[in-house]
Amino acid sequence: MLAGKRILLIVGGGIAAYKSLDLIRRLRERGAAVVPVLTAAGAQFVTPLSVSALAGAPVHADLFDLTAEAEMGHIQLSRSADLVVVAPATADLMAKMAGGLAGDLAATLLMATDKRVLIAPAMNVRMWEHPACRRNLERLRADGVLTVGPNAGDMACGEHGPGRMAEPLEIVAAIEAAIGARPLAGRRVLVTSGPTHEPIDPVRYIANRSSGAQGTAVARALARLGAQVVFVTGPAEVAPPEGVEVVRVETAQQMSDAVDAALPVDAGVFAAAVADWRVARASDRKLKKSRDGLPVLEFAENPDILRRVSQMREGRPGLVVGFAAETDDVIAHATAKRARKGCDWIVANDVSPATGIMGGSENAVVLISGDGAEEWPRMGKDEVARRLAERIAAVLGG
Ligand code: CTP
């Protein structure tokens, strides 16, 4: 997947530096050449020897190293890579990058490079949330720097929250996406999206507030990673993405049939807000208010598409991802939902009106998997989609 690619990897000074050793291994397994740079702080956490042994290449550490300058100047070093990756990107390194400092080798390379830069931030949660760090992050994003993570969870310092460096396979997936590798090439993925409309009569229907934005963003992100995407969508507000096979449906039953027709797939992402009930006997004539007084609607249960697919004995996709829209006790409800439906992951979000998530452009999600609950910081729906697609690539992408 990364054969022939050269990654300049800057290892900063944080406890997460140990994960960068695994990252080097994973990159090399995929055929990439890793050119390692270790900051002075980084060398407090991992030794130059282990970095260089795993990379199969000498470590660069010193800006004023005469031998290294004679062999390959630091400017050239910064340009000979396909991508510059900073992992862990400490608060200090991020501040240097945002401020344009160039006082040591790592900072100089970051200033001198003409290649894209991907950072994997890792720091204490208070540092991550500090206004200075927020400013720097905004600055870096505006400069076109790509980010992966941080994830939320227990931290080495004993606190809890966002700040843990992304896992090596997530960083690999982000690297693949950044250099246009298509880790999901040859993989077929199904995405359901949007609301369903359940007819009452030919002009009236029961619907919900889903805009289809999150499902559409997921389909787009998966397609960008090379997946062949079948996009089964209800009547959504947002247009379907380019480059996917679009199947338009209206009702839950039609969505269920379209999903069956799309199988087999390597992964299924069920982002649609499917109506749980339909009107048992939809009228084929418009109901008239004068004729028989108030209508009484009787309901029938719709097929639970996610549960059915999750529990298939034969032909179950290798990875089944559901969504859970909750208004309270998000983690508890979503964890129970994952078990009830039998899917592998649940992407849960709080859709209480105060959050502005339903119909809005941002999302704050918790990813529930067999490993527990992982809270993602609030971010754009496109960013949630990108991260989810990279996660899926980390599982399917071999
Ligand atoms: N889903 C589905 N088919 C349905 C209902 C839901 O495939 N008929 C999928 C959704 O696409 C989503 C997940 O199931 O991925 C969560 O749906 P939700 O309606 O929130 O779950 P419910 O089982 O209805 O649970 P509850 O009513 O307790 O919230």
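The model is predicted: local features need pLDDT of at least 70, side-chain atom pairs count only at pLDDT 80 or more, and totals for chains, interfaces and linings use all residues. Residues are numbered from 1 along each chain as its sequence is written, and side-chain values use heavy atoms, with hydrogens and water left out.

The protein has 14 helices and 21 strands. Helices (H or I, at least four residues) and strands (E, at least two) are DSSP runs, numbered from the N terminus.

**Overall build**

- Along the principal axes, the C-alpha atoms fill a box of roughly 95 × 40 × 35 Å.
- Of the 398 residues, 51% are buried. Buried means under 20% relative accessible area, exposed means over 50%, and partly exposed lies in between (1.4 Å probe, protein chains only).
- Take the contacts between residues at least 6 apart in sequence: 68% of them join residues at least 24 apart. Contact means heavy atoms within 4.5 Å.

**Helix H1 against helix H9**

- Two packed helices are described by the angle between their axes and the distance between the axes.
- H1 spans residues 17–29 and H9 spans residues 168–178. Their axes come within 9 Å and cross at roughly 50°. That makes H1 oblique to H9.
- Axes are lines fitted to C-alpha atoms, for helices over the stretch in contact, and angles run from 0 to 180 degrees between N-to-C directions.
- Angles under 35 degrees count as roughly parallel, over 145 as roughly antiparallel, 65 to 115 as roughly perpendicular and the rest as oblique.
- The crossing of H1 with H9 is right-handed. A crossing is right-handed if the near helix is turned clockwise from the far one by less than a right angle, and left-handed if anticlockwise.
- H1 contributes Lys19, Asp22, Leu23, Arg26 and Leu27 to the contact, while H9 contributes Pro168, Leu169, Ile171, Val172 and Ile175.
- By class, this contact of H1 with H9 has seven nonpolar, no polar and three charged residues. Ala, Val, Leu, Ile, Met, Phe, Trp, Tyr, Cys and Pro count as nonpolar, Asp, Glu, Lys and Arg as charged, and the others, Gly among them, as polar.

**Helix H1 against helix H2**

- H2 covers residues 48–55. The axes of H1 and H2 come within 9 Å and cross at roughly 10°. The two helices are therefore roughly parallel to each other.
- H1 passes H2 in a right-handed crossing.
- Leu21, Ile24 and Arg28 of H1 meet Ser50, Val51, Ala53, Leu54 and Ala55 of H2.
- The contact of H1 with H2 holds six nonpolar residues, one polar and one charged.

**Helix H5**

- In H5 (residues 91–99), the buried residues are Ala91, Leu93, Met94, Met97 and Ala98.
- Seen down the axis of H5, these buried residues fall within an arc of 160°, so they line one face of the helix. The arc is that of the directions from the helix axis to the C-beta atoms.
- An α-helix has 3.6 residues a turn, so residues three or four places apart point the same way.
- The buried residues of H5 pack against strand E3 (83–89), helix H6 (105–112), strand E4 (117–121), helix H7 (125–129) and helix H8 (131–142).

**Single residues**

- Arg79 is in helix H4 (residues 74–79). At 39% relative accessibility, Arg79 counts as partly exposed. Arg79 and Val259 are 180 residues apart in sequence and 46 Å apart in space, C-alpha to C-alpha.
- Arg188 lies in strand E8 (residues 188–193). Arg188 and Ala262 are 74 residues apart in sequence, with 9.4 Å between their C-alpha atoms.
- His197 sits in the loop between E8 and strand E9 (198–199). His197 counts as buried at 12% relative accessibility. The C-alpha atoms of His197 and Ala252 are separated by 7.6 Å, and the two residues are 55 apart along the chain.
- Asn349 belongs to strand E17 (residues 345–350). Asn349 counts as buried at 9% relative accessibility.
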